[in-house]
Amino acid sequence: MLHRRELANAVRALAMDAVEAANSGHPGMPMGMADIAEVLWNDFLKFNPGNPKWPNRDRFVLSNGHGSMLQYALLHLSGFDLPLDQLKRFRQLHSKTAGHPEASETPGVETTTGPLGQGLANAVGFAFAEKVLAAHFNRPGHNVVDHHTYVFLGDGCLMEGISHEVASLAGTWKLDKLVAVYDDNGISIDGEVHGWFTDDTPARFEAYGWNVIRHVDGHDAEAVKKAFAAATSQHDKPTLICAKTIIGFGAPNKQGKEESHGAALGKTEIAAAREQLGWTHAPFDIPADIYAGWDAKTAGAKREQTWNAAFDAYASAHPELAAEFKRRQSGELPSDWAEKSQAYVEKLQLEGPDVASRKASQMTLDAFGPLLPELIGGSADLAGSNLTKWKGSLDAATGNSSDGKGNYVYYGVREFGMTAIANGVALHGGFIPYDATFLVFSDYARNAVRMSALIPAHAINVYTHDSIGLGEDGPTHQPVEHLASLRYIPNNHLWRPCDAVESAVSWKAAIERKGAPSCLIFSRQTLKHQQRDKQQLADINRGGYVLSDPLDTKFKAILIATGSEVELAMEAARTLAQQNVAVRVVSMPCTEVFDAQPLEYREGVLPGWCRARVAVEAATADFWRKYVGLDGDVVGMTTFGASAPAPQLFEQFGFTVAHVVDAVKRVIG
């Protein structure tokens, strides 16, 4: 019978060999955590390699994602569709073994990790989603949602501030099915961490309300097994297992040193490690008995079959709930969604309310929320300003989730943690999460927004108080460069609607954008309703459309605007018309969607023959150069704002009819 250490050594060998072949990577962590991973994957983790998306699987997250070869080795050995050839091509173009784990590339990888601390945050999101989904669907005698989330993390994850934000929430939410393993090896890239990391980590997590298991020898399989057993048997707190390990375990000259952290060990050291570990096999050579010891395909299939039988019994007892569970797991929207959501958009166009777009957003939530039981959202301590609570909102974390109605999350002042947690909720399945803060504080959250686009994850980021129009709070709270910054994130859709109708359309588009994120940008100040015909209403979905054209003459210039500045552009167009200057007004609520339209449509909105163009947006001016060209002009921001009432600020920074009119006349020449 194989010894556990032999199974763990297979992970070490694959990590050494793959990093050496790539001459790039991090062998130390996989070698140090191999013993812990072996116990978890062979004795505790519930999964099915034949179906990586089995709904009731345990989730495994590698927050210290630089040690990606640990996860790749585990996936390969246990039977996932990750052949040895892919490990040999570690960190190479078009391989499934990128430098850091990527959920969209590798079967069995639950989330894309690498930026330290965010994997822990995603894991909190997974565990939170499991808890709330269980409250939504489980019934006495039928626990169809019942799984753990395990996350490996290192010193770097704990040094990042996001770890504080999300660990605090996990303790507050009592996520008892969350188990974190702290790889306490005392080494980071710069050397021994005692020079810059002296936190009492166990005490810190105990203060958060975690169950902490201290002083676990990460190379003693029985001690590790005992720790996991204790973690999974308690039912009131998340657990942190503090495991002491030796980075680069088995490499006699480099173990316990920074030399093994982020570089290939070298042929000489690998040979010495093979000798010390008693691993006599050639590079990438895994004996059949080792494969057999790791193979989880049969056991995984049996686990899923057992769950399927339990789900069948659940479906017999609760057929409507079972059908709803399947729908939400598939990501399909309710059958009446398209009709009812469009009816609401048309109703708004008919009624024409003049409201702040943040209020229009709340109105839309009131209309869409009852249609979407999977919608779950919250705000970073700004619910009363972001207007993210709707009439059916119930606290999902404390109390109301227990009767299956929770759908609102109080995140506290934790913008980064909130956004990364929402990514985990989205990836878990069964929910469409949204989060919210002021647009200026998207700076705190931006890397998690970037990750949602990269993963990708179907998360919706709501940002209000979208310009200098928020007024007296001043430049610390007035966003300037933030719209452009978020627009520049690949695969991210940013909507900045000009009225209640466009606000509803933006929510509808974000909800329907499966598997990818959106940012919805709303105003503090009231916005005037814009008139549209049926075609214009439909064309909002195309990201940009002609809102106004001269009636009886050819336009001489084009005004392009978003959000609160659309109203300004319309007023300027009317003033110019009185001066016999005909202009077209284009509302551009989502540049990414507009840019993806066929050339014929884009040319119809912004014809190439008209080079006299002016873009108007109370944000960084330079972004709009791609639409107005060198011949055009931008009425935008080139400095920070100031503290004053909004009307004075718009006057001060040139967002006036007179200024826009002058800009149009200049570009016409």
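Visitor: Between which helix and which strand does the loop holding Arg513 lie?

Guide: Helices (H or I, at least four residues) and strands (E, at least two) are DSSP runs, numbered from the N terminus, and Arg513 lies in the loop between helix H20 (500–512) and strand E14 (518–521). This is a predicted model, in which local features need pLDDT of at least 70 and side-chain atom pairs count only at pLDDT 80 or more, while totals for chains, interfaces and linings use all residues. Residues are numbered from 1 along each chain as its sequence is written, and side-chain values use heavy atoms, with hydrogens and water left out.

Visitor: Is Arg513 buried or exposed?

Guide: Buried means under 20% relative accessible area, exposed over 50%, and partly exposed in between (1.4 Å probe, protein chains only); Arg513 is buried. A salt bridge needs a side-chain nitrogen of Lys or Arg within 4 Å of a carboxyl oxygen of Asp or Glu, and Arg513 has none. Counting Lys and Arg as positive and Asp and Glu as negative, with His and the chain ends not counted, the nearest side chain of opposite charge is that of Glu592, 7.8 Å away.

Visitor: Which backbone oxygen lies 2.9 Å from a polar atom of the Arg513 side chain?

Guide: That oxygen belongs to Asn491.

Visitor: How many residues of H1 are buried?

Guide: In H1 (residues 4–22), 16 of the 19 residues are buried, so the helix is largely enclosed by the rest of the structure. H1 is followed by Asn23, whose phi is positive, near 50 degrees.

Visitor: Which residues cover the two faces of strand E1?

Guide: In E1 (residues 59–62), Arg59 and Val61 on one side and Phe60 and Leu62 on the other are all buried.

Note on methods:
The expected span of a helix is 1.5 Å times one less than its number of residues. A polar contact is a pair of N or O atoms within 3.5 Å; within protein, one must be able to donate a hydrogen and the other to accept it, and residues adjacent in sequence count only if both atoms are side-chain atoms.
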